[in-house]
Amino acid sequence: MDEDTGPAFRLEPADYRPSPPPPEVRARYGIGLVGCGGIARGAHLPAYRNFGYRVVACCDVAPGLAENTAHEFGIPFATTELEALLARPDVHVVDLAVHAAQRPPLVERIAAAGKPILSQKPFALNMADAEHMVWACERANVPLMINQQARWAPAHRALRRVLDLGLLGHLYSVLHIHRGFQDVPGSWYVALEHFNILDHGIHFIDLSRFFTGAEPVTVKAVTTRIPGQVAVTPMIYTIGLEYAPSAELMATLHFNNIVRAPLHEYRWYLDGTLGSAWASPRELVLQLADGQPAQRFALEGNWFNEAFGGSMGEMLSALSEGREPATSGRDNLRSVRIAYAAVESSESGRAVALPPE
Ligand SMILES: NC(=O)c1ccc[n+]([C@@H]2O[C@H](COP(=O)([O-])OP(=O)(O)OC[C@H]3O[C@@H](n4cnc5c(N)ncnc54)[C@H](O)[C@@H]3O)[C@@H](O)[C@H]2O)c1
């Protein structure tokens with residue numbers, strides 16, 4: 001960036017890359033991992049190693065998996081029994097990385113043991129389960145956070161920084177364009193009903209809340225199956241989010257997850273009354289309505305795995321500060337509600353109103 005001609009905005013990696021909490025916080029909390037599957041071994045544990053977190057125990061019902069995981073990541077205790085992990089006084093927070101369908105009874109047992117929970121997303125496969133798990137944790141006075149770790153991905157934090165500085169003025173449009181391919185035979189996600197909205201799409205629904213700081217009042221969604229697809233339900237959507245008229249804001253989320261051409265495209269466009277910012281995972285562009293040229297910033301870091309260090313860092317910081325974590329279970333009910341409304345709208349063809357707060 002040319003300092004003589006460019007506007008004043010500067011963006012440094014420290015402004016948007018997640019960093020771990022201080023060493024004394026990391027040292028205070030032992031993490032017990034429940035579910036040693038693909039995401040735990042591929043993203044959670046490598047990120048926790050990089051961020052210096054203490055994973056003291058791991059558990060999986062699949063024979064041998066917890067032992068192998070413990071061996072690979074130097075975790076001192078492995079078990080197939082949840083209660084054995086919960087009984088350990090050195091487990092201060094449970095990292096719950098099982099599938100949503102398996103979650104409710106486990107959340108109840110963990111909450112009953114008084115251990116704070118960082119739960120993988122999607123939080124639940126229906127609203128009743130989501131509300132019940134929030135209630136179970138609140139009744140037990142146990143902190144609950146949902147791992148919407150995309151909020152800690154560098155590109156998303158860089159956009160949030162632009163918004164926090166007020167550079168765009170009034171934000172009136174949020175647009176997400178995402179093109180990829182996940183129609184993979186034999187994978188668990190093609191067998192999961194409404195995967196593209198409820199499971200993968202929940203990231204982008206939650207991010208729309210992260211960027212706007214507002215709650216929609218109506219959800220409209222369009223989806224379609226395509227010839228020869230493997231997935232049980234559509235892998236493409238456009239979701240329109242309507243806000244109260246006083247918000248003077250709209251959001252559009254488009255995710256084609258069954259693109260046959262070998263491309264992967266990912267962008268957020270944020271438009272405000274003073275200018276626009278757009279980002280891919282690798283670059284953020286800012287162009288204001290002040291006649292200055294656009295500023296381009298190459299972004300460092302990545303969503304996988306760095307953001308997972310950010311979300312666990314938020315959990316540990318919230319525990320040490322005695323506050324509710326960002327993306328708490330109660331907060332996440334709003335994202336889950338939007339996702340279910342989108343499914344309902346796509347099936348009924350009608351706009352779905354969300355209940356008032
Ligand atoms: N945040 C993200 O970006 C992201 C990415 C991928 C997956 N996920 C989510 O993470 C979750 C897990 O996905 P995955 O791909 O790792 O699945 P996976 O099937 O590879 O792993 C799940 C593991 O949970 C274990 N398990 C099931 N019941 C258990 C119990 N009662 N006690 C202990 N272990 C138990 C299984 O044996 C399995 O090893 C899903 O909800 C998925 O949607 C999130």
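Student: Which residue is the bridge partner of Leu-33 in β2?
Tutor: Cys-58 is the bridge partner of Leu-33 there. Keep in mind that this is a predicted model.

Student: In what sense do β1 and β2 pair, and over how many bridges?
Tutor: They pair in the parallel sense, over five bridges. β1 covers residues 30-34 and β2 covers residues 54-59.

Student: Is β1 mostly covered or mostly open?
Tutor: Mostly covered. Four of the five residues in β1 are buried.

Student: On to the ligand. Which residues come nearest?
Tutor: Gly-35, Gly-37, Gly-38, Ile-39 and Gln-120, out of 25 residues around the ligand.

Student: Which helix gives the most to that shell?
Tutor: Helix α3, residues 38-51, with three residues.

Student: And how does the shell divide by class?
Tutor: There are 14 nonpolar, eight polar and three charged residues around the ligand.

Student: Now the open sheet. What is the strand order?
Tutor: Nine strands, in the order β14-β13-β12-β11-β7-β10-β9-β8-β15. The pairing is mixed. At the edges are β14 (295-298) and β15 (352-353), each pairing on one side only.

Student: How many bridges join β9 to β10?
Tutor: Seven, with the two strands running antiparallel. β9 is residues 236-242 and β10 is residues 250-256. Ile-236 stands opposite Asn-256 in β10.

Student: Which strands does α8 lie across?
Tutor: β7 (171-179), β11, β12 and β13. α8 runs at about 170° to β12.

Student: Which residues of α8 are buried?
Tutor: Pro-154, Ala-155, His-156, Arg-157, Ala-158, Leu-159 and Val-162. These buried residues pack against several elements, including α1 (13-16), α10 (195-212) and α11 (303-321). The strands β11, β12 and β13 are also among their partners.

Student: What follows α8?
Tutor: Gly-166, with a positive phi near 70°.

Student: What about α12, which strands does that helix lie across?
Tutor: β8 (218-223), β9 and β15. α12 runs at about 55° to β8.

Student: At what angle do α7 and α12 pack?
Tutor: About 175°, with the axes 10 Å apart. Angles over 145 degrees count as roughly antiparallel, so α7 and α12 are roughly antiparallel to each other.

Student: Which residues meet there?
Tutor: From α7, Met-127, Ala-130, Glu-131, Met-133, Val-134 and Cys-137. From α12, Gly-329, Arg-330, Leu-333, Val-336, Arg-337 and Tyr-340. By class, this contact has eight nonpolar, one polar and three charged residues.

How values were computed. Residues are numbered from 1 along each chain as its sequence is written. This is a predicted model: local features need pLDDT of at least 70, side-chain atom pairs count only at pLDDT 80 or more; totals for chains, interfaces and linings use all residues. Axes are lines fitted to C-alpha atoms, for helices over the stretch in contact, and angles run from 0 to 180 degrees between N-to-C directions. Angles under 35 degrees count as roughly parallel, over 145 as roughly antiparallel, 65 to 115 as roughly perpendicular and the rest as oblique. Two residues are in contact if their C-beta atoms, placed from the backbone, lie within 7 Å. Ala, Val, Leu, Ile, Met, Phe, Trp, Tyr, Cys and Pro count as nonpolar, Asp, Glu, Lys and Arg as charged, and the others, Gly among them, as polar. A residue is near a molecule or strand if its C-beta atom, placed from the backbone, lies within 6 Å of it. A residue is buried if 20 or more other C-beta atoms lie within 10 Å of its own, exposed if 12 or fewer, and partly exposed in between; C-beta atoms are placed from the backbone. Two strands pair if DSSP finds at least two bridges between them.
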